Amino acid sequence: MSHNSYLTASQQKTRKKNLFILSILTILIIVTFIISMNTGVIKLTPMEVLSTLFGQGDAQQQLILFEFRLPRIIVAVLVGMGLAISGAILQGISRNALADPGILGINAGAGLMVMLFISFFPATAAAPVFLLPVLAFIGSGMTAILIYALSYKRHEGITPMRLLLTGIAVAAGISSAMIVLTLRLSPENYQFVATWLAGSIWGSNWKFVLALLPWLVVLLPFVYSKSRVLNVLNLGELTAVGLGASIEKERRWLLAASVGLAGASVSVSGGIGFVGLIAPHLARQLVGAKHQILLPASALVGGLLVLMADTIGRSLLEPSEIPAGIVVAVLGAPYFLYLLARLKQ
């Protein structure tokens, strides 16, 4: 009895700690959200932002806040969440600490499809916004199937290191194809593609929010419902089979969800790498490896990371902007090397 009560007390303590961490992350997102609304070439004081939010601002203030800043901020948070959950799924199904949609080439596949569409379309302004996530999903899906097929060996399944090396090789090939494609672009489209490849939150109007939102609304609850499956997959293939999990079937569904989240996010944000790598790792250190709590924590860390990167990028060299992807890469590249060094030990 005392043993059971001890377990219950321990579980309650862990739950309280995890809820506290999730609350802190949510507060940090709200604070960064407020700072981001005040950041830009045209300054708005906190009081002006507040009065504009309640319909008291002038026409210019309303235009700046509602048409430029708010959609961009929301897109940044949604993109961060999508990429972070995508990375958490990939790390879970491959049991590879270095799995990330950017490193594995899935982002590059989505980018190639979006770029093909842009290069054959006369103007980016005319491109149907709601078609971009679908195209990105097709591109990232084809890339994922290719990587999966090349990594799979009949009697061994997929080994983490083979998956990583195959992904890096495929990403390199796709990047080369994208460089060749840029040669046939018009100057305007080339400028757009260059900004997109650097990972700029370019989809900064409400259409892009509406294009991205359905993917997250459908896929995030689905992935969360598979939390227990991810926990079982983490135990290894033999244990998972022993516990009755149909590994390949579950893995395919989760891979499809990961590809959908990464593709939709990349279609409106460009090539932001490392978010899917860093966010699940930081979340794991904060709340542990159980996916029931790891997935929400990863989403919050990812949203916070991209929003902070975008806010820093907009404010550091005003009036010029540093793409959010470059800011994340400055943080992410050393972290990737640190993880790589740890894994070799």
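Me: What makes up the accessible surface of the chain?
Reply: The chain exposes about 16,600 Å², and 70% of that belongs to carbon and sulfur atoms. Areas like this come from the Shrake-Rupley method with a 1.4 Å probe, and for residues only the protein chains shown count as cover.

Me: What should I know about the model first?
Reply: It's a predicted model, where local features need pLDDT of at least 70 and side-chain atom pairs count only at pLDDT 80 or more, while totals for chains, interfaces and linings use all residues. Residues are numbered from 1 along each chain as its sequence is written, and side-chain values use heavy atoms, with hydrogens and water left out.

Me: How many helices and strands does the chain have?
Reply: There are 14 helices and 0 strands. Helices are DSSP runs of H or I with at least four residues, strands are E runs of at least two, and both are numbered from the N terminus. Reading along the sequence, you get α-α-α-α-α-α-α-α-α-α-α-α-α-α.

Me: Why is S227 called buried?
Reply: Buried means under 20% relative accessible area, exposed means over 50%, and partly exposed is in between (1.4 Å probe, protein chains only). S227 has 2%, so it counts as buried. You'll find S227 in helix α9 (residues 227-233). Across the chain, 51% of the 345 residues count as buried.

Me: Which residues does S227 touch?
Reply: Leaving out residues up to four places away in sequence, S227 touches H291, Q292 and L295. Contact here means heavy atoms within 4.5 Å. The C-alpha atoms of S227 and L294 are 9.0 Å apart, though 67 residues separate the two in sequence.

Me: What makes F274 buried or exposed?
Reply: F274 has 19% relative accessibility, so it falls on the buried side of the cut-off. F274 sits in the loop between α11 (247-269) and α12 (275-287). It also has a positive phi of about 75° although it isn't a glycine.

Me: Why are K13 and Q285 called exposed?
Reply: K13 has a relative accessible area of 66% and Q285 has 55%, so each passes the over 50% mark. K13 lies in helix α1, and its C-alpha is 41 Å from that of L165. Q285 is in helix α12 and touches Y335 and R342, not counting residues up to four places away in sequence.

Me: Which residues touch the most other members of the largest nonpolar core?
Reply: I89, I93 and I272 do, in a core of 102 residues. Helix α3 (residues 59-94) gives the largest share, 17 residues. Such a core is a set of buried Ala, Val, Leu, Ile, Met, Phe, Trp, Tyr and Cys residues joined through side-chain atoms within 4.5 Å. Beyond its neighbours within four places in sequence, I89 is in contact with residues including V223, L230 and L254.

Me: What share of contacts join residues at least 24 apart?
Reply: It's 77%, among contacts between residues at least 6 apart in sequence.
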